[in-house]
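Open the model in your viewer and keep the selection panel at hand. The stops below say what to select next and what is there.

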Amino acid sequence: MTYQFTWSILWSGQSGAWLFHGLVTTLELSILGWLLAAFLGILAGALRTTPLAPLKWLATGYVEFFRNVPLLVWMFLCYFGVPPLLPEAMQEWLFEHGAEFSAGVVALGVYHGARFSEVIRSGIQAIPKTQLEAGISTGLTLAQTYRLIILPVAMRLIVPPATNETLNLLKNSSVALTIGVAELTFQTRQIETYTAKAFEALTAGTLIYLSLCLVLSAVMSRVERRVAIPGMIARSQTGDL
Amino acid sequence: MNGNLLAALVGICLLTATGSSLAQPTLEKLDKSGTLMIGTRTGSPPFAFVNKNNEWVGFAIELVERAILPVLGKKLNKPIKLEKKESTPQTRIPLLTSNAVDLIAETMTDTQARRDSVDFSLTYFVTGAQFLVKKGSPIKGIQTIAGRRIAAQQGSTNAKILRERAPTAKLLEFPDQPAAFQALVQGQVQAYTNDGIQLAGLKAKAPKPEDWAVVGEFYSYEPYGMALRKNDSDFRQAVNIGLMDAIASGLYFEIYEKWFGPQGEVPYPLAPETKRFLQMQVVPK
């Protein structure tokens, strides 16, 4: 294999700027997708644990529908499947204002929202029912009990799997390249096709994703230690809730 | 732990440094395996596509089968089989350099920049870049695309040229032709740019060809060649002889007529200067 390594292509010419723009787009895509996913996840996760049957069915339907289909299919659906159903004027506006980016955010958000909801549901279910009963008996409504007592505790319990899902979301943002979003993986392939140096370009992409994820994990492990509830995660004899 | 990591890194460095000693001439590889692996398209009629009967056929594929395989077979004194793998603008060079395929027979433009990484056979087709638009669109060519949304294939020469010559146009790059065409059909983009012959193929295969128009002067020169690995002169010689023999004997023009003639998949008459150019590539024996 007579391959010449030319690492300088990564910072000479347009490659550096492309990588930077790709990184920014990936972060934008991931952050907006995460916000949507967190909102949907908390809503669906909480609703699945309530005794209210119709809401529970709705949430279960959402979760089963969206997590059992590959993200790639949702991306295509949001970008190619949804616009023809909208009115003409709205379509034109969407296409003029980055439809592919919005489609990417929506697809990421609903897919990971379904996955987040399962993580949050397991956190809620780890809390003894006595907490819920105590809350209701002090006069709070169901919604208030969830908002003020159950969810805050659940959030602290699920930091490790939530971190995992967040990292997944960050990495899955690369799927958006199939609908034309110029995120980081798109840009590494761009560099690869313009310079034909596949190894260097893909190494750059690998290192950037790796650094992003490692930084995120490091931050979240500190968060985990700080919000750990004594007696629940740490194996101490005085298990006081 | 640190010692193991260091050893692994040193090992990887050594492997890549001694990589050049692992190069094997393609003819030797063919001799051992008896199969020529080519990278080709699945959605670029009529060069390489899957037809109504689910067969993977095309002009480029037939050229390889009828003009190049026999020459290889004669040289190695054994019949050589053909196996096809799908390639796209982003994957074709890596497929070649990683030895997954031996020849790229699709719609790859021969350019000086690409010759840094791969070698090309003779030019076997000539076209240029144009635009595919909905009939009646105000876009008439590269001068009229300022501010419009244009689709292109990621990694194509067209995207690169458009970036330089029409910086105000909003370029949306898709991984493959079907996605880009779908975006044009639905209105996400107002034009799709690619080599003229590929656009003619898309238009001919569309459900209603009369809805589409291929517009604009050629804004680039796109000579198609078959790509192969560098430093592989014997294989390149065999491929070129195959093409030259086909042009000299008329087989090339027979295959051309089949795919691009009036009864062909995509009517695209051969310009006299192109025919002359092809014939002049045939050097004396």
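How many residues of chain A are in contact with how many residues of chain B? The contact involves 20 residues of chain A and 27 residues of chain B, where two residues are in contact if their C-beta atoms, placed from the backbone, lie within 7 Å.

Before selecting anything, note that this is a predicted model, in which local features need pLDDT of at least 70, side-chain atom pairs count only at pLDDT 80 or more, and totals for chains, interfaces and linings use all residues. Residues are numbered from 1 along each chain as its sequence is written, while chains are lettered from A and ligands numbered from 1 in the order in which they are written.

**Stop 1: the side of chain A that touches chain B**

Select helix 4 (88-96), helix 5 and helix 9 (184-195) of chain A; each supplies at least two residues of the side that touches chain B. Helices (H or I, at least four residues) and strands (E, at least two) are DSSP runs, numbered from the N terminus. Helix 9 of chain A gives the largest share of that side, five residues. By class, the side of chain A that touches chain B has eleven nonpolar, six polar and three charged residues. Here Ala, Val, Leu, Ile, Met, Phe, Trp, Tyr, Cys and Pro count as nonpolar, Asp, Glu, Lys and Arg as charged, and the others, Gly among them, as polar.

**Stop 2: chain A as a whole**

Select chain A and colour it by secondary structure. There are ten helices and zero strands in chain A. Its C-alpha atoms fill a box of roughly 70 × 50 × 25 Å along the principal axes. Of the 241 residues in chain A, 38% count as buried. A residue is buried if 20 or more other C-beta atoms lie within 10 Å of its own, exposed if 12 or fewer, and partly exposed in between, with C-beta atoms placed from the backbone. Among contacts in chain A with a separation of 6 or more, 76% are between residues 24 or more positions apart.

**Stop 3: helix 1 of chain A and its partners**

Select helix 1 (residues 15-49) and helix 5 (residues 99-125) of chain A. Their axes come within 5 Å and cross at roughly 40°. Axes are lines fitted to C-alpha atoms, for helices over the stretch in contact, and angles run from 0 to 180 degrees between N-to-C directions. Helix 1 and helix 5 of chain A are therefore oblique to each other; angles under 35 degrees count as roughly parallel, over 145 as roughly antiparallel, 65 to 115 as roughly perpendicular and the rest as oblique. Helix 1 of chain A passes helix 5 of chain A in a right-handed crossing. A crossing is left-handed if the near helix is turned anticlockwise from the far one by less than a right angle, and right-handed if clockwise. The residues of this contact between helix 1 and helix 5 of chain A divide into 16 nonpolar, ten polar and two charged.

The axes of helix 1 and helix 2 of chain A come within 8 Å and cross at roughly 130°, which makes helix 1 of chain A oblique to helix 2 of chain A. This crossing of helix 1 and helix 2 of chain A is left-handed. On helix 1 of chain A, pick A:Ala44, A:Leu47 and A:Arg48; they meet residues of helix 2 of chain A including A:Leu55, A:Ala59 and A:Tyr62.

**Stop 4: chain B as a whole**

Switch to chain B, which has ten helices and twelve strands. Its C-alpha atoms fill a box of roughly 60 × 60 × 35 Å along the principal axes. Of the 285 residues in chain B, 46% are buried.

**Stop 5: helix 5 of chain B**

Select helix 5 (residues 157-165) of chain B. The buried residues of this helix are B:Thr157, B:Asn158, B:Ala159 and B:Leu162. They pack against several strands of chain B, among them strand 7 (119-134) and strand 12 (221-228).

**Stop 6**

Select B:Pro45 and B:Pro46: the peptide bond from B:Pro45 to B:Pro46 is cis, with omega near -10°. B:Pro46 lies in the loop between strand 2 (43-44) and strand 3 (48-50) of chain B.

Next, go to B:Asn99, in the loop between helix 4 (92-97) and strand 6 (103-104) of chain B. Phi of B:Asn99 is near 70°, a positive value in a residue other than glycine.

Is B:Asn231 buried or exposed? B:Asn231 is exposed, with 10 other C-beta atoms within 10 Å. Its place is the loop between strand 12 and helix 8 (233-249) of chain B.
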